[in-house]
Amino acid sequence: MADIKTREDIQLLVDTFYKQILQDDQIGHFFTEVVKLDFDRHMPVMYDFWETTLLGNIKYKGNPMLKHIALNE
């Protein structure tokens, strides 16, 4: 596996992760039935988050913990 160096690398990683997770019998339904993610809106946010985290290119300016805490309520 090559190192993650570009946004395209991040997109491949994130897309592959979600493709696998959505097919998982134990947790896939959290994304499709419980949270009902709007993937057209969610995926660019995920790309931005990981680009900021892994590459240091400031794209994401939110607070992921607050988003996930709100989901729990």
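The lining of the second largest pocket comprises five nonpolar, one polar and two charged residues (Ala, Val, Leu, Ile, Met, Phe, Trp, Tyr, Cys and Pro count as nonpolar, Asp, Glu, Lys and Arg as charged, and the others, Gly among them, as polar). The residues in question are M1, A2, D3, I4, D9, L12, L13 and T16, and the volume comes to about 170 Å³. A pocket here is an open set of points on a 1 Å grid over the protein atoms alone, where a 1.4 Å probe fits, with protein on both sides within 12 Å along at least five of seven lines; lining residues have an atom within 4 Å of a point. Volume is the space filled by probe spheres set on the points, which are joined across faces, edges and corners.

The model is a predicted one, with local features needing pLDDT of at least 70 and side-chain atom pairs pLDDT 80 or more, while totals for chains, interfaces and linings use all residues. Residues are numbered from 1 along each chain as its sequence is written, and side-chain values use heavy atoms, with hydrogens and water left out.

L12, one of the residues lining that second pocket, sits in helix α1 (residues 7-22); helices are DSSP runs of H or I, at least four residues, numbered from the N terminus. L12 is exposed, at 58% relative accessible area (exposed is over 50%, buried under 20%, partly exposed in between, with a 1.4 Å probe and protein chains only). Its C-alpha atom is 21 Å from that of I27, 15 residues away along the chain.

Beyond its neighbours within four places in sequence, V14 touches M43, M46, Y47 and W50 (contact means heavy atoms within 4.5 Å).

As for the largest pocket, its volume is about 750 Å³. Of its 19 lining residues, L37, H42, K67, H68 and L71 are the closest to the centre. Two or more residues each come from α2 (28-34), α3 (39-55) and α4, with α3 giving the most, five. By class, the lining has twelve nonpolar, three polar and four charged residues.

Finally, none of the nine residues of α4 (residues 64-72) is buried, so this helix lies largely in the open.
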